[in-house]
Amino acid sequence: MMTAAAHTPVLLERTVALLAAAPPGLVVDATLGAGGHAQAILEARLARHGHAALLGLDRDPEALDLAGHRLATTAADPRVELTLVRARFDALPTVLAEHGHDRVSGVLLDLGISSMHVDRPERGFSYRAEGPLDMRMDPDLPTTAGDLVNTWPAE
Ligand SMILES: C[S@@+](CC[C@H](N)C(=O)[O-])C[C@H]1O[C@@H](n2cnc3c(N)ncnc32)[C@H](O)[C@@H]1O
């Protein structure tokens, strides 16, 4: 079974130190993944500012699901404002406007794939186990990597 703890957040200590020190206000995690950074950032900002607001984005619904479960206990604290949105990070200005924010205190972009992607053969990101050549970050998109290499012209 896939768990959020399966993904180890990179540069966690440094990331949290920088974002905990950012002024009070909204912090954006634009690549939420399994929510490891988000959880640590929320806890650190809660300890430092007595309040923590985080907007988490991911284009992969599975990541949002994992992160949502991981962050549920932290988000139940009335001093925490947590909003999770399925979106690409290039839609951040629109998402911020839709949620009534005109400024942010910090933004984290942890670019790349998550352990979840390589650990699930059916997502097609890894040769470690048999699976389709898929590689879609957003599984609702119509074109897989297999479609692309097998049907698109070389140029
Ligand atoms: C390296 S992981 C993030 C891990 C996360 N920091 C954590 O602690 O678990 C990168 C995440 O970015 C997401 N992602 C990739 N491209 C994206 C895009 N264009 N917009 C939003 N999310 C994207 C992936 O689905 C993946 O969950």
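**Exercise 1.** Determine which residue of β4 stands opposite V27, and state how β1 and β4 pair.

*Solution.* In this predicted model, V27 has G106 of β4 opposite it. Next, consider the strands: β1 covers residues 26-29 and pairs with β4 in the parallel sense, over three bridges.

**Exercise 2.** Give the order of the strands in the open sheet, and explain why one side of β3 and of β4 is left without a neighbour in the sheet.

*Solution.* First, the four strands follow the order β3-β2-β1-β4, and their pairing is parallel. Second, β3 (80-86) and β4 (106-108) stand at the edges; each has a single partner strand, so one side of each lacks a neighbour in the sheet. Third, from one strand to the next the twist averages 15°. Finally, α2 lies across β1, β2, β3 and β4, and runs at about 165° to β2.

**Exercise 3.** Describe the residues around the ligand: which come nearest, and which elements give two or more residues to the shell?

*Solution.* The ligand has 19 residues around it, of which P9, T31, G33, G36 and D60 come nearest. Two or more residues of this shell are given by α2 (36-49) and by β2 (52-58). Sorted by class, the shell holds six nonpolar, eight polar and five charged residues.

**Exercise 4.** State how the protein is divided into domains and how far apart their C-alpha centres lie.

*Solution.* Domain 1 comprises 4-113 and domain 2 comprises 120-155. The C-alpha centres of domain 1 and domain 2 are 28 Å apart.

Conventions: Residues numbered from 1 in each chain as written. Predicted model: local features only at pLDDT ≥ 70, side-chain atom pairs only at ≥ 80, totals over all residues. Near = placed C-beta within 6 Å. Nonpolar A, V, L, I, M, F, W, Y, C, P; charged D, E, K, R; others polar. Pairing = 2+ DSSP bridges. Axes fitted to C-alpha atoms, helices over the stretch in contact; angles between N-to-C directions. Contact = placed C-beta atoms within 7 Å. Domains from an automatic or database assignment.
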